[in-house]
Amino acid sequence: MCFATHNLSGEITYKKLYPNNPENKEFEVIVYTQTDSSAPADRPYLNILFGDENWLSPQDSIERVDFYTEGNIKYNTYKAFHTYLDIGEFLIQIEDPNRSGGVLNMEESINQAFFFESKLRVTNDAVTTNENSVVILNTHVPAACINDTWTYNVAAFDIDGDSLGYELVPCKGLDGLDINSWSLPDQIPGFTYNGDMYLYTDGTIFWEIPLIAGSYNIALKITEYSQGVEIGFIVKDFTIVVNLCSQIPTEFSEFVQDISVYPWTEIEFTVATDDLMQNPTILSYGGVLAEIYNAASFDVSNELDQVVGTFNWTPNFGDIREQPYLVVFNTGYINENDWIGSEGTEVVQITVLDPGVNSIQSIENSGINIFPNPTSNLVTLEVARSEEQAYSLSNSLGEKLISGVVTQKSQVIDISSLSANVYYLKIENSVIRLVKTN
């Protein structure tokens, strides 16, 4: 196999397969490569180490299933399946020659192997077994501009609702060892001041006024925790290109506050950027937009001298979880096939609250009473006002099962036809958790 100086970015994600067996996984590998004449090698296959075996031979073991090309970058997707026969912690690793040349924050990057990995934990306990890794929804790494702030968020999403921690870690090379000459872009030995780079708790990387044009490699580690126990991680290793930009980078006009709501509460807000005659646009990423059944919407329009994006989502009871949903917005413009983002990153965290935890306060504030709860057949709904009020009873998936109108201050609802389960009664702006017994 010949050496190639072409690897720009890579990550390994995994998910459980059905039937629900935590030891049986599907792995997806995303690799970005250069396609110009200085990097002629192509990889229809890659070698992969699943963590419960050794390299048995140099044969290829994971197949490329899709790719597309934008400019001089090829976006490659590989898939593989693997079943773990025992419990344990497993490192899934890929090593491939080589990184692209000319990277400023490591020596002789053209001779450095490209190495990235993820970790999976399989136990006899469902709480401490990682069924699904996070997925990276923001696949475009925006180029940076000299003398302008650069921000970036990968929009990591975990379908299991585990808590996430973020860390910038050294890039790795041959045999998975840290590349000794690697440093953060703002800490290169012998370089003059090159701005400061920070990592926020929501995973946003902030680089203040990069001053030196060129390519940089960094690695972002995203660790999952379940009830305080580390259950796995993925590492995204990628390239940032700093350009001398001819246009002023765009930024958002104002910030949106984080949001907490109960199910069946409509969320709608806008993000906007001024149109400074460079035809900017707004892109959005997040699990609520792509990875859940009850998906949100995001529509972009041009209004006078602004580009405006409108986000809309009405979460249902199946969307309740302790960890917030992360929604990432990028504003910028396309410049010679590079996405110029700069200051234009806005991150909004949305928490969908469990009304079962907060139902007493909701009832007290709204003048609503429901009894008995739990109940097996009939439930009485009392309201403070005598005017008509619509109500509905739904299951945890948000499916409406019973609906009607309260026409007096006290009304009996028959739920005898429903199976024993937890249901949610919505009336006006209140949601009440109702337990049906046999």
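Biologist: Which residues does Phe269 touch, not counting residues up to four places away in sequence?

Modeller: In this predicted model, Phe269 touches Val256, Ile259, Gly309, Thr310, Phe311, Phe329 and Val348. Phe269 also turns up in the largest nonpolar core, which has 59 residues; Ile222, Phe269, Phe311, Trp313 and Phe329 touch the most other members. Strand β16, residues 229-243, gives the most to this core, with six residues.

Biologist: And what does the second, separate core include?

Modeller: That one has 19 residues, among them Leu46, Ala80, Ile92 and Ile94. As a rule, nonpolar side chains in soluble globular proteins tend to be buried together.

Biologist: Back to strand β16, then. Why is Lys236 called buried?

Modeller: Its relative accessibility is 0%, and buried means under 20%, so Lys236 counts as buried. Lys236 is found in strand β16.

Biologist: What makes a polar contact with the side chain of Lys236?

Modeller: The side chain of Ser9 does, at 3.4 Å. The cut-off for such a pair of N or O atoms is 3.5 Å. Leaving aside neighbours within four places in sequence, Lys236 is in contact with Ser9, Gly10, Glu11, Ile136, Tyr152, Val154, Ile218, Ala219 and Leu220.

Biologist: On to the rings. How many aromatic pairs does a search of the whole structure find?

Modeller: It finds 20. Take Tyr14 and Phe27: their ring centres are 5.9 Å apart and their planes are at 55°.

Biologist: What makes the pair of Tyr198 and Phe206 tilted?

Modeller: Their centres are 6.1 Å apart and their planes are at 35°, so this pair is tilted.

Biologist: How do you know whether Tyr198 and Phe206 are buried or partly exposed?

Modeller: Phe206 has a relative accessible area of 18%, and the limit for buried is under 20%, so Phe206 is buried. Tyr198, at 40% relative accessibility, counts as partly exposed, since that class runs between 20% and 50%.

Biologist: Which lysine lies over the face of Phe67?

Modeller: Lys74, at 4.6 Å from the ring centre. Likewise, Lys221 lies over the face of Phe233, at 4.5 Å from the ring centre. The cut-off on that distance is 6 Å.

Biologist: What joins β27 to strand β30?

Modeller: Four bridges, again antiparallel, to β30 (residues 421-427). In β30, Lys426 is the bridge partner of Ser392.

Biologist: And where is Ser403 found?

Modeller: In strand β28, residues 400-406. Beyond its neighbours within four places in sequence, Ser403 is in contact with Tyr391 and Ser392. Ser403 and Leu393 are ten residues apart in sequence, with their C-alpha atoms 6.2 Å apart.

Notes: Residues are numbered from 1 along each chain as its sequence is written. This is a predicted model: local features need pLDDT of at least 70, side-chain atom pairs count only at pLDDT 80 or more; totals for chains, interfaces and linings use all residues. Side-chain values use heavy atoms; hydrogens and water are left out. Helices (H or I, at least four residues) and strands (E, at least two) are DSSP runs, numbered from the N terminus. Contact means heavy atoms within 4.5 Å. A nonpolar core is a set of buried Ala, Val, Leu, Ile, Met, Phe, Trp, Tyr and Cys residues joined through side-chain atoms within 4.5 Å. Buried means under 20% relative accessible area, exposed over 50%, partly exposed in between (1.4 Å probe, protein chains only). Rings of Phe, Tyr and Trp (its six-membered ring) pair if their centres lie within 6.5 Å; planes under 30 degrees apart count as stacked, over 60 as edge-to-face and the rest as tilted. A charge sits over a ring if NZ of Lys or CZ of Arg is within 6 Å of the ring centre and within 35 degrees of the ring normal. A polar contact is a pair of N or O atoms within 3.5 Å; within protein, one must be able to donate a hydrogen and the other to accept it, and residues adjacent in sequence count only if both atoms are side-chain atoms. Two strands pair if DSSP finds at least two bridges between them.
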